[in-house]
Amino acid sequence: MITRGWLLSDDPETRMQARLGVSYRLARDLMRNPLAMVGLMIILALLLVAAFAPWLAPYSPVEGTLADRLQPPSAAHWMGTDELGRDILSRVIYGARITLMIVLLVAIISAPLGLLIGTVAGYFGGWVDRVLMGLTDIFLSLPRLVLALAFVAALGPGIENAVIAIAIAAWPVYARIARAEVLTFRNSEFLDAIRMQGASRLRIIARHVMPLCISSTIVRVTLDMAGIILTAAGLGFLGLGAQPPLPEWGAMISRGRSFILDQWWVATMPGFAIVIVSLGFCLFGDGLRDVLDPKQRSRG
Amino acid sequence: MIHVKDLSVSFSDVRVLHDVSFDVATGESFALVGESGSGKSTILKALAGQLPAFTGTLRIGEDNDTDRPFSARDRARQVQMVFQDPYGSLHPRRTIDDTLNEPLLIHGLPDRDSKVIAMLDAVGLPRRFRFRLPHQLSGGQRQRVAIARALMLNPPVLLLDEPTSALDVSVQAEILNLLKSLREEKNLTFLLVTHDLPVVSFLCDRLAILHAGRIVETANTEALRSGQLSSSYGQELFQRSVYG
């Protein structure tokens, strides 16, 4: 029996009820933020489009009829066709898969890496901190796209290498945030207490330090998703990300560049897709930040 | 139970403790009294294993014969600490249950559920608080959780760092009563740090008065109660405590 009162109870009877209660409060607070809900809708739509691309796309994303090249948007081709006669709507729909894959892989690689490096540096301090933060500063001082470009140049173009390159360029921000957060509580008594109980350093960092940094990292990652999409699109635009004929949005804009004055839709349609998805992640990230901010946690 | 001999501590060339020595017997309650900056908290930190560098001999707990220093895990079974600020000494994102379970998990002890419930009863916290987060508790309730956490491993020695000074006056008495009855029940040895002389006379058998990093006097609590402290600094503290 799950009721609202049961979830909101101040005196949960089981561990399970306590955890569900915390999740319910978070979800409820998030629901109260209309902009965050718009963001969530966009992200869900992206997920659905990516999952059901073969059923949603009216045409093949890679095969076109040359007779139909560069058709303006019409009933047959809602977003028009590109220079090889491929349906742009179908390509944008399939492109959602690539975008989602890039975003998720980058987040999975860079967020834990940054969190680990930041918490270790912040917790240990001293020379460990100096070495790790020196490394972080080196990565931070290079513009993300330039750094990603350098890695792609070294590793060779392709979508996997683009992911690795963006991830390598993205982690320093998370490391900085996590370290700054750890510094605010590294001398606090609850860490003294857990040390006195004989906990290993690994345990302290993983179970006591990291959980306090995770919410700010999640917020930051969500807000960065837009930047990741843009970097991926930028690499695609420069021809160093996804390779033809993969329908990557940035690469599509790049190819539409030649026709931008006369056939505007070729570059504009994938551009819309990038803008909308980036906006969705930004809005959702903003909402998450409001909810996960510890100062707001005790409400209601 | 606690043996401190010639303990000296320096923080970057400033010597904060000068050859401090004292002993606390098993089951005794001993107070370190002094103003802020007298070094009383530093002694506690050294005994708690939180100071990286000091000179002198420290022995604590039951295993008095070996000179081999304790590992952090061994020490945890011998001595635990209750901190001054109940708001800062509990992890803000972990439930009471998590906090009390953690020492049992670290030491791989069985029957965790029943031990946690028994400890909640022992410190007078309702069982329904078990899965609350610290921000859902009052200061006094939090301090009860902190005491419960310190007792989870059944250490014979408890270090108390001004355990009531951050609490409301009405709550202070409850916590002091709880500490007193727990000590009788479990035959605990207390080392209390405070600047509050009434707390000392309520909770302790003996006290040492610290001034500028030196022990100026060791006395029985009877001497404190009757105002018979021999050192002039002790008299000064007593006067200030009685007459405000």
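This is a predicted model: local features need pLDDT of at least 70, side-chain atom pairs count only at pLDDT 80 or more; totals for chains, interfaces and linings use all residues.
Residues are numbered from 1 along each chain as written, with chains lettered from A and ligands numbered from 1 in written order. Local features need pLDDT of at least 70 and side-chain atom pairs 80 or more, while totals for chains, interfaces and linings use all residues.

**View 1. Helices α3(B) and α5(B) cross at roughly 20°.** Helix α3 (residues 96-106) and helix α5 (residues 139-151) of chain B have axes that come within 8 Å. Helices here are DSSP runs of H or I, at least four residues, and strands are runs of E, at least two, numbered from the N terminus. Axes are lines fitted to C-alpha atoms (for helices, over the stretch in contact), and angles run from 0 to 180 degrees between N-to-C directions. The two helices are therefore roughly parallel (angles under 35 degrees).

**View 2. Strands β5(B) and β6(B) run side by side in parallel.** They belong to an open sheet of 6 strands, ordered β5-β6-β7-β3-β8-β9 in chain B, with mixed pairing. Strands pair if DSSP finds at least two bridges between them. β5 (79-82) and β9 (214-220) of chain B are at the edges with a single partner strand each, so one side of each lacks a neighbour in the sheet. Between β5(B) and β6 (residues 157-161) of chain B there are 4 bridges, and Met81(B) sits opposite Leu159(B).

**View 3. A stretch of chain A carries a UniProt label.** The unreviewed entry places "domain: ABC transmembrane type-1" at residues 96-285 of chain A; such annotations may be inferred rather than shown by experiment. This span is 83% helix and 0% strand, and its end C-alpha atoms lie 19 Å apart.

Note on methods:
Angles under 35 degrees count as roughly parallel, over 145 as roughly antiparallel, 65 to 115 as roughly perpendicular and the rest as oblique.
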